[in-house]
Number of protein chains: 2
Amino acid sequence: MEIDTRSRILDAAENLFVEHGLDATTMRMITADAKANLAAVNYHFGSKEALIEAVFRRRLTWLNEQRIAALDALEAEAQGAPLKPRQIVESFFGVAIRLAASSPSGKTFMRLLGRTYTEPTEFVRRFLAEEYAGVIARYNAAFFKALPDVPKEEFLWRFHFMMGALSYAVSGTDALRMLGPIDDSDPEALYTRLMSFLIGGLRAPLPEIQSQAVRKPRVKRAA
Amino acid sequence: MEIDTRSRILDAAENLFVEHGLDATTMRMITADAKANLAAVNYHFGSKEALIEAVFRRRLTWLNEQRIAALDALEAEAQGAPLKPRQIVESFFGVAIRLAASSPSGKTFMRLLGRTYTEPTEFVRRFLAEEYAGVIARYNAAFFKALPDVPKEEFLWRFHFMMGALSYAVSGTDALRMLGPIDDSDPEALYTRLMSFLIGGLRAPLPEIQSQAVRKPRVKRAA
DNA sequence: ATCAGTTTCAAACGAATGTTTGAATCCTGA
DNA sequence: TCAGGATTCAAACATTCGTTTGAAACTGAT
């Protein structure tokens, strides 16, 4: 037994959460996989909820730091000029895809994360929002600077759609496999494929929304 | 009490499944909401799993029949000529969006469905795949006829990405709300927004995948 | 070698789960 | 009107869940 019990539990939990979901993964499954006693989770983490939070925080904090750093680097290089939308998208989603591609456990985590956005469990959503608040604010500002003509609401929706595509991209190809024979062994290819799709969606002509309120000035092309 | 117990249970279960997830929704919550006795679910459906299956089948069968019908209508009108990719996408995703927009319970169901694609529960995935098999085959054929130059694998990936965007589009704006103030009250606007995004993604330039195998002849534009 | 602090362990806890039971009640057709 | 099947009901079933407990085992510094 090389690694300490705490880390073994984190790893085992991460894998089991992806495979069975948060609720369906029991303490007994986790401790059995981690070759630890049943009481070990409560001893090291306090509760199952605290363990879930620890599993997410371990990776998510790092992930969002990387995103901020990527944006910092881009903005430093641009010296005050607006970034290209493509650069912004690539820095945000690229970090995620690369994490998924870097290691089996990274992929495991990204699958878990993608699924959790829509998970209705209250406390998970709460600290997810909390963990994301800073990053979103930064990227929002960068996008508004890059595309001042695009209404903020339109961009938010597209960002939301992009998150959905990312989620499915990493969230396992189980659903995809039922559509036909698929090769998902090449992470680099996945990155390229997803990026093309995301940029295509982002740059699509803005729809003409028939709003109940006064119509905003129309912009034909997003970027 | 107008409606019969069986229907009341189906409606209550559908709502609760969206709000709390499949596992976290208990028989006691369902029967309480449906104003029925605890034993009623087992009496009318046999088990909780059978109830879940019934909840999905009630809507999903109808949904996919609509999709087939929409495709039939388009192909009849085209008289053997290939359809435009935009038509195909609109007929597949449009049916889903319209169901979500048609009624509160329709929206409820679409949110549930979107979340379930990535749900790891074995038996749910199995009959989901089974229910989708026919539709996917039809749409695959239509797409290949419309875009014979696009490698089937590329299209499958983009279809997968589009499903992700659809999922997030309907799967509640809980996640979206944490990004900023959002108005999701207008289903028509959502339909238009999502369509623009999907078509933009579908028509994006094909990525140049550096495959390990022999490179397929490259096509610069998908459609 | 001793001992305080940390970690592991087997066992049990109460609460909540899906399901079953058998009697009570409702409804319908003869 | 009344028998008989369909439905509802309160109660209990066996399991399983996350958590707690108190003793045993281990660890490293004095």
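Which helices of chain A and chain B each supply at least two residues of the surface near DNA strand C?

Analyst: The model is a predicted one, in which local features need pLDDT of at least 70 and side-chain atom pairs count only at pLDDT 80 or more, while totals for chains, interfaces and linings use all residues. Residues are numbered from 1 along each chain as its sequence is written, and chains are lettered from A and ligands numbered from 1 in the order in which they are written.

For DNA strand C, helix H3 (40–44) of chain A and helix H2 (27–33) of chain B each supply at least two residues of the nearby surface; helices here are DSSP runs of H or I with at least four residues, numbered from the N terminus. A residue is taken as near a strand if its C-beta atom, placed from the backbone, lies within 6 Å of it. Around DNA strand C there are 15 residues, of which Thr5(A), Thr26(B), Met27(B), Ala39(B) and Ser47(B) come nearest. By class, this surface divides into eight nonpolar, five polar and two charged residues, where Ala, Val, Leu, Ile, Met, Phe, Trp, Tyr, Cys and Pro count as nonpolar, Asp, Glu, Lys and Arg as charged, and the others, Gly among them, as polar.

DNA strand D is likewise surrounded by 15 residues, the closest being Thr26(A), Ser47(A), Lys48(A), Thr5(B) and Asn37(B). Here helix H2 (27–33) of chain A and helix H3 (40–44) of chain B are the ones that each supply at least two residues, and the surface near DNA strand D has eight nonpolar, five polar and two charged residues.

Behind these surfaces the two chains meet, with 57 residues of chain A in contact with 57 residues of chain B, contact meaning C-beta atoms, placed from the backbone, within 7 Å. The largest share of chain A's side, 14 residues, comes from H8(A), and by class that side has 28 nonpolar, 16 polar and 13 charged residues.

H8(A) also belongs to what covers the buried residues of H10(B), which includes H8 and H10 of chain A together with helix H5 (85–102) and helix H8 (152–170) of chain B. Among those buried residues are Leu190(B), Tyr191(B), Arg193(B) and Leu194(B), a residue being buried if 20 or more other C-beta atoms, placed from the backbone, lie within 10 Å of its own.

Definitions and conventions
A residue is buried if 20 or more other C-beta atoms lie within 10 Å of its own, exposed if 12 or fewer, and partly exposed in between; C-beta atoms are placed from the backbone.
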